[in-house]
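Please read this note with the model open beside it. The points go from the overall fold to single residues.

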Amino acid sequence: METANVKCTEFLKELTDYLEGSLTESTKAELDEHLHWCHECHVVMNTTKKTIEIYRDNEIYELPESLRTRLHQAIMNKCKSSKPSKEKA
């Protein structure tokens with residue numbers, strides 16, 4: 001099976017232009033081919049695109065109370081477990 005010419009590092013360098021649609025047709029086609037077989041770059045591209053869309057809309061998303069409580073508790077537990085224990089002299 002033949003792999004695409006574009007490497008992940010090359011794709012990531014072009015990610016901003018890819019998302020903005022400011023690439024030549026040939027470059028876009030090469031990056032599309034890379035995304036077709038590279039799951040990792042597809043995830044990065046999709047996550048970045050969604051993040052931009054969220055911030056572009058400038059909306060605040062309220063977390064459900066149960067999720068906020070669980071998240072807060074997890075953070076507090078992590079903070080407590082990462083504090084160095086004081087040894088008695």
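1. The secondary structure comes to four helices and zero strands. Helices (H or I, at least four residues) and strands (E, at least two) are DSSP runs, numbered from the N terminus. Along the sequence the pattern reads α-α-α-α.

2. A word on the source: this is a predicted model, in which local features need pLDDT of at least 70 and side-chain atom pairs count only at pLDDT 80 or more, while totals for chains, interfaces and linings use all residues. Residues are numbered from 1 along each chain as its sequence is written, and side-chain values use heavy atoms, with hydrogens and water left out.

3. Of the 89 residues of the protein, 13% count as buried. Buried means under 20% relative accessible area, exposed means over 50%, and partly exposed lies in between (1.4 Å probe, protein chains only). The protein exposes about 8,000 Å², and carbon and sulfur atoms supply 55% of that area. Accessible areas come from the Shrake-Rupley method with a 1.4 Å probe; for residues, only the protein chains shown count as cover.

4. Among contacts between residues at least 6 apart in sequence, 57% join residues at least 24 apart. Contact here means heavy atoms within 4.5 Å.

5. Which residues make up the largest nonpolar core? There are ten: Val6, Phe11, Leu15, Tyr18, Leu23, Leu31, Leu35, Cys38, Cys41 and Met45. α1 (8-20), α2 (25-37) and α3 (39-57) each supply at least two residues of this core, and the largest share, three residues, comes from α1. A nonpolar core is a set of buried Ala, Val, Leu, Ile, Met, Phe, Trp, Tyr and Cys residues joined through side-chain atoms within 4.5 Å.

6. Val6 belongs to that core. Not counting residues up to four places away in sequence, Val6 touches Phe11, Glu30, Leu31, His34 and Trp37.

7. Helix α1 has 13 residues and spans 18 Å from its first C-alpha to its last, close to the 18 Å expected at 1.5 Å a residue. The expected span is 1.5 Å times one less than the number of residues. The buried residues of α1 are Phe11, Leu15 and Tyr18.

8. Where is the kink in α1 centred? It is centred on Glu14, and the angle is about 55°. The bend at a residue is the angle between axes fitted to the seven residues ending there and the seven starting there. After α1 comes Gly21, whose phi is positive, near 75°.

9. The whole structure holds two salt bridges. A salt bridge is a side-chain nitrogen of Lys or Arg within 4 Å of a carboxyl oxygen of Asp or Glu. One joins the side chains of Asp32 and Lys28 (2.8 Å, N to O). Both residues lie in helix α2, four residues apart, about one turn of the helix. Asp32 is partly exposed at 29% relative accessibility, and Lys28 is partly exposed at 33%.

10. Another salt bridge joins the side chains of Arg68 and Glu65 (3.2 Å, N to O). These two residues lie in helix α4 (residues 65-82), three residues apart, about one turn of the helix. Arg68 counts as partly exposed, with a relative accessible area of 36%. An α-helix has 3.6 residues a turn, so residues three or four places apart point the same way.

11. Asp17 is found in helix α1 and is partly exposed at 31% relative accessibility. Leaving aside neighbours within four places in sequence, Asp17 is in contact with Ser22 and Leu23. The C-alpha atoms of Asp17 and Lys28, eleven residues apart along the chain, are separated by 9.3 Å.
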